[in-house]
Amino acid sequence: MDILLASQSPRRRELLGLFHVPFAVRVADIDESMDLCKPAYDEVARVSRMKAEAIPRENDDVVIAADTIVVCAGEVLGKPRDTSDAVRMLRLLSGKDHQVMTGLSVLRGDMATVCTEVTDIHFRELSDKEIAAYIRTGEPMDKAGSYGIQGGAAL
């Protein structure tokens, strides 16, 4: 039995590494688009399952996949397209409550466990100077909602 992490996220590799069990990283090549007419809660779980199912595996292998989005004022925020999109997202989040939703899928053989974890977050007001400095770090560019709470956005 192998454990396969269907993610290229350094943070997810780091988290799984905390268990001190061997695992291999496999990146799922799928269309991660979400149907914005359906609940974000359900869609993020669906995308995580699609990632897991896209990984070739033996019957007893365990595949772990996740997908994360940010939802603010009804808008689903994925990874920013570019710097201006990251600025737009951080301005939208500034001074507001929002939700981080992570869909998680674990597959083994014919069994699948799929769930969504929702975390409520409040951002303090961010100045344009703070937003620009954060974006210059490069951290926002591969994160849903343009931030990583475990990084510089923890401030």
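Start with strand S3, residues 62–72: S3 gives the most to the lining of the largest pocket, with six residues. Strands are DSSP runs of E with at least two residues, helices are runs of H or I with at least four, and both are numbered from the N terminus. This is a predicted model: local features need pLDDT of at least 70, side-chain atom pairs count only at pLDDT 80 or more, and totals for chains, interfaces and linings use all residues. Residues are numbered from 1 along each chain as its sequence is written, and side-chain values use heavy atoms, without hydrogens and water.

**The largest pocket**

Stay here. This pocket holds about 1400 Å³ of space. Now select Ser 9, Arg 12, Asp 67, Thr 68 and Thr 102, the closest to its centre of the 49 lining residues. A pocket is an open set of points on a 1 Å grid over the protein atoms alone, where a 1.4 Å probe fits, with protein on both sides within 12 Å along at least five of seven lines; lining residues have an atom within 4 Å of a point. Volume is the space filled by probe spheres set on the points, which are joined across faces, edges and corners.

Next, colour by class. The lining has 24 nonpolar, 13 polar and twelve charged residues.

**The second largest pocket**

Its volume is about 290 Å³. Select Arg 124, Leu 126, Gly 152, Ala 153 and Leu 155, the closest to the centre among 13 lining residues. Then pick helix H4, residues 128–136, which gives the most to this lining, with three residues.

**Where H3 meets H4**

Show Thr 83, Ala 86, Val 87, Leu 90 and Arg 91 in H3; they meet Asp 128, Ile 131, Tyr 134 and Ile 135 in H4 (heavy atoms within 4.5 Å).

Methods. Nonpolar A, V, L, I, M, F, W, Y, C, P; charged D, E, K, R; others polar.
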